[in-house]
Amino acid sequence: MDDQQRCPWCGDDPLYVHYHDTVWGRPEYDDLALFEKLCLDGQQAGLSWITILKKQDNYRAAYDHFEPERIVRYDKVKVDALLQDTGIVRNRLKVESIIRNARGYLELRDQGHSFSDFLWSFVGGEPIQNRWQRFTDVPVYTPEAEAMSKALKKRGFNFVGPTIVYAFMQATGMVNDHLVQCPQHAACRELANNV
């Protein structure tokens, strides 16, 4: 693929290019995969996504592969250990946010809601197909992201402001924000059509 055709945000870092070409924008419907991604996007606050992407395996190891049932049982000893873990972002608010998010996830589930169905409801259950020509055209957040952010906060989640939520929506294919000239735009649109 001609590198000039890709969305410019991924640059030429091989890890970032692979993420752009194989993950970002592809519709994700798995509850636990969505939970992990939402937590990781919250860790990005104030940082670049590549920083978190490089630490993704460390996060999976540190947080029991993002199994909410395990995370909600974390105590002060576990939190203190996480704050010493150089493989993750050692920020108390961010560490504790994943625990809070696990509680919110389990409360939703206990009320009979699929996390995936809950999140996808904000886009009518299928990906929004945008047709951006330039990177500068892509919004930082949308009304759908604001609504999802508000609903998540109401359910106890944090580090889920509209900008973080919109980045999450882009990454999980709830919106197709690949630029139209990027080959991944058509690939993600096709995946959406086959759901």
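Mentor: Happy to; here is a walk around that site. This is a predicted model, in which local features need pLDDT of at least 70 and side-chain atom pairs count only at pLDDT 80 or more, while totals for chains, interfaces and linings use all residues. Residues are numbered from 1 along each chain as its sequence is written, and side-chain values use heavy atoms, with hydrogens and water left out.

An unreviewed UniProt entry lists Cys7, His20, His178 and Cys182 under "binding site"; such annotations may be inferred rather than shown by experiment. These positions are spread over 176 residues of sequence, yet they cluster in space, with a largest C-alpha distance of 10.3 Å.

Let's start with His20, which sits in helix α1 (residues 14–22); helices here are DSSP runs of H or I with at least four residues, strands are runs of E with at least two, and both are numbered from the N terminus. His20 counts as buried because its relative accessibility is 0%, where buried means under 20% relative accessible area with a 1.4 Å probe, protein chains only. Leaving out residues up to four places away in sequence, His20 touches Arg6, Cys7, Trp9, Cys10, Arg26, His178, Cys182 and Gln184, contact meaning heavy atoms within 4.5 Å.

Now turn to His178, in the loop between β2 (175–176) and α10 (183–193). His178 has 0% relative accessibility, so it counts as buried. Apart from neighbours within four places in sequence, His178 contacts Cys7, His20, Trp24, Gly25, Gln184, His185 and Cys188.

Key: Buried means under 20% relative accessible area, exposed over 50%, partly exposed in between (1.4 Å probe, protein chains only).
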